[in-house]
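I opened the model to look up its charged pairs, its rings and the contact between its chains. The entries below follow the order in which I checked them.

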Amino acid sequence: MSAIASVILALGTVPLFVVMVVSALLLSVALGQGEVPFGSIVISINSLAKMQLLEALPLFAFGGYLLAYSGAPNRLVRLSNAVLGGLPGGLAIVAIVGCTFLTALTGASGVTIVALGGLLLPALLKQGYPENFSLGTITAGGSLGVLFAPSLPIILYGVVSGVSTDDLFKAGLIPGLLIIATLSVYAAVRGIQCKVPRQAFSWRELGGALWEAKWEIPLPIFLIIGIYRGVFIVSEAAVIATAYIFIVEVIIQRDIKWGKVGAIARESMVLIGGILIILGTTLAVNNAIIDAEIPKEMFARIKPYMESKIAFLLCLNLFLLIVGCMIDIYAAVVLIVPLILPIAAHYGIHPVHLGIIFLTNLGIGYATPPVGMNLFIATVRFNKPILKLYWACIPFILLLLVMLAVITYCPSLSTWVLDDSSVQAPLPEDDLDKLLEIEDLGDLDEPLDKDAVDDSEYLEYFDDLLDLDELDKKPQ
Amino acid sequence: MSGEPVQPDDDPLAPPHHEGRFARLIRRTEECFFVAILLALVGVGVAPIIARRFDLGSITWSIDVSRQLVLWIALFGASAATRDRKHIVIDAVSHLLSARNKFRLSALTGLISTAACGFLFVLCVRFVQSELEFNSAVSWHFGIPLWILSVVLPVGFLILTLRFIASTYEDVISSFVRRQPKDQEGPAA
């Protein structure tokens, strides 16, 4: 009943965080206030001030927006063009690389299209690329930047799932590069088909572009060394990167006037505030759902229809594609990950691999007709009818779907970077159930009344707990 | 913001044309507030890195302060998102509606949001009261009592409620009054 009410509210343009508040209140009523008191929702929101890593989100968002509204995108395009412009489909590859890079820094917020679209679309058309291809490149080409550091959705997935963001960043590297390579090959083929003239390589132009981008070049190097090699933790990297971007773009380059800093700060905080308030309110709902063992029940129900891991992954892909084009990527991560994570564990899917599947799926959903958000942003930005953008994006979406299948069904592409110890075979099912049961002794928070039980009961109780250790000794 | 007015299409950061002086003043205040919070986040984050670099000892309060600022960003960012009508929504039906019905739907959702935030405001006030009752003697860093930190919750939800009231009022008026053509496209998503 409460689920139906929540769905009706959600479809009727009620902000998602309000849907979550209403759902939490309805759950309180349905499960009885003793189980889920109304006040638990306030405690959940207050727990935003206790969660690890969250401080990285506003910092990276602000830094990314500062970069997007500065002259950095122009310098980035000039530099990429100097390096890659000589390839067949050179400028289109530049567009794909540039959009991906900016999406990694700004999150999948559509800012990439706003920041780079005005620059790249006329340039692509001028070089002779077809209009549909050019529109598709900018609208869909960069959406998978979410797989690269310091992408905000990856950080959020780490926060929600409890998986190390460092592992997630490393795991996203190969899938992300594969996607860039595939789209670049497509761009090259289209460039040759359309007889787009190639730009001659010039050392002079490369030198000029390098000099112009001298302040921005250290940033990706810092992020790659700092995050991928584990020199900094993510929140430290966020602080240093944001401080650096602020100093470079506002004080040294003066691309952004002081008067505009406030508007940029506000715009980035509108994005982050909107995400965090959903996270806070969803925690209350998810805690209630997990306490009521709904994921376990869902697994029991779907298991007869989905015996194999492959069938589950296929259904997950389809489900996430639909979700991805209906719900914002951040909201989808917050709402769905806690429900799917325990079910995926039953099928032996590593949470890091699951994260990469999630983000690739949701990233594709962003540009998928009929309601992917990038399509709407692009239709406003380029003043083109939405149907034209549907057609423009379809070839890119098909290619991305092929890559999604590769990423989903070859887990080693994502998990090869992880320590062997963390990529273990799944526990046998009985053991998993036992684990879940022991976790269900959440009542442990309330200490046992020692007077009510004698010592032998106490020891028996802890012996049961210690049985957990034996699970590790069993041959995998 | 001096000089010639800039079209929003040319400048995505420009405030809306129809914004009054009072609304613009609030917007500027908000902008300054967010810049201050973000600079504080950077400052608080840099402090332990510098302290570690120069062996000045560990700064234990920095992580707690930055996490508290995250809660502020959640509440005040959400409040700004309400003003800009930029909350994350699943908009599955509004494109099927006429402009006037879009305003009516928006007014209805505004009413639900107002009620939910108003109720949360009451819950937050009770939460602060309970913190005051049970944790009044517990102090956070710098001698600040712990309960003071939770005051931001009712303040945030009060602002959210007021903003939802304002946007609902705008939508109700737009639902019944004939608007100029430029406003007939319906409320922003």
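**Entry 1: a pair within one helix**

I began with R28(B) and E31(B), which both lie in helix α1 of chain B, 3 residues apart, or about one turn of the helix; helices here are DSSP runs of H or I of at least four residues, strands are runs of E of at least two, and both are numbered from the N terminus. An α-helix has 3.6 residues a turn, so residues three or four places apart point the same way. R28(B) forms a salt bridge with E31(B), with the closest N and O atoms 2.8 Å apart, a salt bridge being a side-chain nitrogen of Lys or Arg within 4 Å of a carboxyl oxygen of Asp or Glu. I noted that R28(B) is partly exposed at a relative accessible area of 32%, whereas E31(B) is buried at 5% (buried means under 20% relative accessible area, exposed over 50%, partly exposed in between, with a 1.4 Å probe and protein chains only).

This is a predicted model, in which local features need pLDDT of at least 70 and side-chain atom pairs count only at pLDDT 80 or more, while totals for chains, interfaces and linings use all residues. Residues are numbered from 1 along each chain as its sequence is written, chains are lettered from A and ligands numbered from 1 in the order in which they are written, and side-chain values use heavy atoms, with hydrogens and water left out.

**Entry 2: other salt bridges**

I found 16 salt bridges over all chains. In one of them D255(A) meets R75(A), the closest N and O atoms being 2.6 Å apart. D255(A) lies in the loop between α13 (234–252) and α14 (258–291) of chain A and R75(A) in helix α5 (residues 72–84) of chain A, so the pair ties together parts that are 180 residues apart in sequence. D255(A) counts as partly exposed at 30% relative accessibility, and R75(A) is buried at 8%.

**Entry 3: the contact between chains**

Which residues supply the contact, and how many come from each chain? I read 57 residues from chain B and 60 residues from chain A, where contact means heavy atoms within 4.5 Å. The area buried between chain B and chain A is about 5000 Å², and carbon and sulfur atoms give 78% of that area (buried area is the accessible area, with a 1.4 Å probe, that two parts lose on being put together, summed over both). L13(B), I88(B) and I90(B) supply 17% of the area that chain B buries against chain A, more than any other three residues.

Between chain B and chain A I counted 3 salt bridges. In one, the side chains of R266(A) and E30(B) meet at 2.7 Å, N to O. On the side of chain B that touches chain A, α1, α2, α3 (99–135) and α5 (152–176) of chain B each supply at least two residues, and α2(B) gives the most, with 15 residues. R266(A) is buried at a relative accessible area of 3%, and E30(B) also counts as buried, at 11%. I then saw that R266(A), R27(B), E30(B), D84(B) and R163(B) are linked in a network of salt bridges.

**Entry 4: rings**

I found 15 aromatic pairs over all chains, where rings of Phe, Tyr and Trp (its six-membered ring) pair if their centres lie within 6.5 Å, and planes under 30 degrees apart count as stacked, over 60 as edge-to-face and the rest as tilted. Y65(A) and Y69(A) form a tilted pair, 6.4 Å centre to centre with 55° between the planes, and Y65(A) is buried at 3% relative accessible area. The rings of F33(B) and W72(B) have their centres 6.4 Å apart and their planes at 15°, so this pair is stacked. F33(B) lies in helix α1 (residues 21–53) of chain B and W72(B) in helix α2 (residues 61–84) of chain B, so the pair ties together parts 39 residues apart in sequence. I also noted that Y129(A), F133(A), Y186(A) and F396(A) form one aromatic cluster.

**Entry 5: an enclosed helix**

Why is helix α8 (residues 131–140) of chain A described as largely enclosed? I found that 8 of its 10 residues are buried, so helix α8 of chain A is largely enclosed by the rest of the structure. F133(A) is one of the buried residues of α8(A), and what covers them includes α10 (165–193) and α20 (386–409) of chain A.
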